Amino acid sequence: MADFGFNEHHQNEVINYMRFARSKRLLRLKTIDSCFQDLKDSRLVEETFTVDEVADMLDGLQVVVRGEVEMELINTAHTNVLLLRQLFSQAEKFYLRLQTDISELENRELLEQVAEFEKTDFKSNSKVNQDSSKPKLAPLNEGGVSELLNKEISRLQEENDKLRARLRTLESQAMSALDEKSKAERALKDLQKIQGDQQEISNLEDTVAAMQADFEKSLSANAASQKELQESLVSAKHDLLRVQEQLSLAEKELEKKFQQTAAYRNMKEILSKKNDQIKDLRKRLQRYESDE
């Protein structure tokens, strides 16, 4: 049996505290295991993942595990403070002044003796205590360790539920963000296509304007030149009608693709303006045909 200078009563108190500390440690380890299991059940549903997806899952798991470990360390420190408070309070009743040596807390030799004590004497004393009529853990103040453990279990379960709810919320937000990103990428490609069509319309407008100027200049020249310009103008009109039809089809496709995105209204306004320009060009062509 390891010798720490304890009498039988104090040794039993140490065993009770070590049992309490070990139960909390095992409980926290189970919580950490459940964090990994929750990740497996909720996220590992596909056969392949991208580097960003794996990094996102590991970052989320890191936050959860870090919170659990930090919480356990904080609770352990607070529990030790409460234990010291009891010892100091009892000592003050007998006018004793206790002193602690913090450097001894990192004494590797003593720590190894405590570990050996837990492996040997603690196990044998645990069997004796289980067979006896005494409670497993000595009461702390008015309540018992069992009550404290029940409260701790309830608190941990509540925190675990909150973390799971938060994890589900983050996963939902991440999926929504990915969907929005995909929609935005598709919208950008369609917008680039529309911009190309707009450039083509602009070029056609310049061509029609140039042909109109040439037509007006050569109208009084000769019939042959007038006929040639008229045919070019008709060809340009056909090209313009073809582009107009393409834009109409593109508008219908965009209405289907953009009806769930914020860019739909902007694209609709752009198409409306281009339709007005086409109508204006059509009127101008009709006016020139009537003049002719």
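For sorting residues by class, Ala, Val, Leu, Ile, Met, Phe, Trp, Tyr, Cys and Pro count as nonpolar, Asp, Glu, Lys and Arg as charged, and the others, Gly among them, as polar. This is a predicted model, where local features need pLDDT of at least 70, side-chain atom pairs count only at pLDDT 80 or more, and totals for chains, interfaces and linings use all residues. Residues are numbered from 1 along each chain as its sequence is written, and side-chain values use heavy atoms, without hydrogens and water.

The protein has 7 helices and 0 strands; helices (H or I, at least four residues) and strands (E, at least two) are DSSP runs, numbered from the N terminus.

A cavity is a set of points, on a 1 Å grid over the protein atoms alone, where a 1.4 Å probe fits but cannot get out, and lining residues have an atom within 4 Å of a point. Volume here is the space filled by probe spheres set on the points, which are joined across faces, edges and corners. The whole structure holds 3 cavities of 30 Å³ or more.

| Cavity | Volume | Lining by class |
|---|---|---|
| Largest | About 100 Å³ | 6 nonpolar, 2 polar and 2 charged residues |

Which helices line the largest cavity with at least two residues each? They are H1 (8-43), H2 (51-93) and H5 (145-218), and H5 gives the most, with 4 residues. Among the lining residues are Cys 35, Gly 60 and Arg 164.

For the second largest cavity, H6 (223-258) and H7 (264-291) each supply at least two lining residues, and the lining includes Lys 237 and Arg 282.

Methods:
On a 1 Å grid over the protein atoms alone, a cavity is a set of points where a 1.4 Å probe fits but cannot get out, and a pocket is an open set with protein on both sides within 12 Å along at least five of seven lines; lining residues have an atom within 4 Å of a point.
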